[in-house]
Amino acid sequence: MAVFTPVTPQQAADYLMRYPLGGLVELTPIAEGVENTNYRLVTDRGAYVLTLFEGRTDPSALPFCLGLTGRLAAQGFPTPAPVADREGQVIGRLNGRAAALVEWTPGAWKRQPTDKDQYRAGQVLALLHLDAADYEGVRDNPVGPRAWAELAARCDMAAKGEDRRMLDQMQRLLPDLARPWSDPTLPRGPIHADYFPDNVLFATNEHGATDVGGVIDFYFACVDVLAYDLAIALSAWGFDAEGRPLPSALRAFQKGYESVRPLSDAEREALPELGAAAAVRFTLTRLHDRLFHDPANLVTPKDPAPFFRRLDYWKAAEAV
Ligand SMILES: Nc1ncnc2c1ncn2[C@@H]1O[C@H](COP(=O)(O)OP(=O)(O)O)[C@@H](O)[C@H]1O
Ligand SMILES: N[C@@H](CCOP(=O)(O)O)C(=O)O
């Protein structure tokens, strides 16, 4: 369960006093997620997510992340807006952690997205890139190329067996993986950087159709190469649980993306390299989090191996 820092109903009720949201009705821990502590919090006025930010989310990045979602939500992009307290602040402090309240988004993520869902998810990612383009916030990617070597060095102290084999292979690739980041022709801008199916909630819209109701979890958001965000998303949406490619899902997602924001030739060409970088980035964080997992946390670490297998697909695509 993703509760690293427990919050009691009394502590939540006290925290709520600074918001114009009425009194606490219900506080329920949210089981999903692996990074931060999340509770569903219901008040007299509505439902919200209470998040306490843990290790990997640097509190100094929160103005960027919450500013971006606030801006996108105000522009009509489907994402829950952060809630300001009576003094206009969206970032508070609770139980020794930076904390925020965000509107609750009804809906659920697609465990088995159809090609139509893939297409729509691709469109919404491209809309995010267009809508966020003139956002003025600045944040470097906290798990960009510079962080990979450090993560690998930490894993190096503990990896054995199959983990060691994956790590050795990734360490050999690291020097070349950063190449696209020195290419000035690749457009940059605000990206989500964790656009996985579990961060895209689908709901029934006012016309009775299923649509993306809310994109959540912008806590890895940063300014980076736009096509890298697409490569991350393709890597997240276009493979099965074992890490084998799903060609029609990959096609549908990219087609949806390009129906809104067509790629330049340079972006299309760089996509396999960016995909390989995405495979390594998520393998490394998963490997790191599993190797250094604290059993006192009831979160189940994610398996790095299926992400590592995505490398084969992207490397083969690079060779074409
Ligand atoms: N605004 C929201 N509306 C509805 N559910 C949410 C919202 N934010 C988070 N959740 C739920 O909480 C879970 C964990 O949130 P997430 O931000 O992905 O956590 P983490 O960053 O710890 O991985 C999500 O999978 C979703 O079920
Ligand atoms: N998406 C990442 C881990 C971050 O988890 P999330 O629940 O915040 O999406 C992964 O799959 O490794």
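Which residues are around ligand 2? Hi everyone, let's start there, with the reminder that this is a predicted model. Around ligand 2 we find G33, V34 and E35, then D194, F196, D198 and N199, and finally D217, F282, R286 and K302.

The side chain of D194 has an N or O atom 2.7 Å from a nitrogen atom of ligand 2.

Now please turn to ligand 1. This one has 18 residues around it, and those that come nearest are E35, N36, E103, T105 and D217.

E32, by contrast, uses its side chain, with a polar atom 3.2 Å from an oxygen atom of ligand 1. N199 likewise places a polar side-chain atom 3.2 Å from an oxygen atom of ligand 1.

Helix α4 covers residues 145–156 and helix α5 covers residues 161–177; their axes come within 10 Å and cross at roughly 155 degrees. An angle over 145 degrees counts as roughly antiparallel, so that is how α4 and α5 run relative to each other. Their crossing is left-handed.

Which residues meet there? From α4 we have W148, A149, A152, A153, C155 and D156, and from α5 we have R164, L167, Q171, L174 and L177. By class, the contact of α4 with α5 has eight nonpolar residues, one polar and two charged.

Helix α5 has another partner, helix α9, which spans residues 305–319. These two pack at an angle of about 40 degrees, and their axes are 11 Å apart. That angle makes α5 oblique to α9. The crossing of α5 and α9 is left-handed too. On the α5 side the contact uses R165, M166, Q169, M170 and L173, while α9 brings A305, F308, L311 and K315. Sorted by class, that gives six nonpolar, one polar and two charged residues.

That's my tour, and I'm happy to take questions.

Technical notes:
Residues are numbered from 1 along each chain as its sequence is written. Chains are lettered from A and ligands numbered from 1 in the order in which they are written. This is a predicted model: local features need pLDDT of at least 70, side-chain atom pairs count only at pLDDT 80 or more; totals for chains, interfaces and linings use all residues. Side-chain values use heavy atoms; hydrogens and water are left out. Axes are lines fitted to C-alpha atoms, for helices over the stretch in contact, and angles run from 0 to 180 degrees between N-to-C directions. Helices (H or I, at least four residues) and strands (E, at least two) are DSSP runs, numbered from the N terminus. Angles under 35 degrees count as roughly parallel, over 145 as roughly antiparallel, 65 to 115 as roughly perpendicular and the rest as oblique. A crossing is left-handed if the near helix is turned anticlockwise from the far one by less than a right angle, and right-handed if clockwise. Contact means heavy atoms within 4.5 Å. Ala, Val, Leu, Ile, Met, Phe, Trp, Tyr, Cys and Pro count as nonpolar, Asp, Glu, Lys and Arg as charged, and the others, Gly among them, as polar. A residue is near a molecule or strand if one of its heavy atoms lies within 4 Å of it. A polar contact is a pair of N or O atoms within 3.5 Å; within protein, one must be able to donate a hydrogen and the other to accept it, and residues adjacent in sequence count only if both atoms are side-chain atoms.
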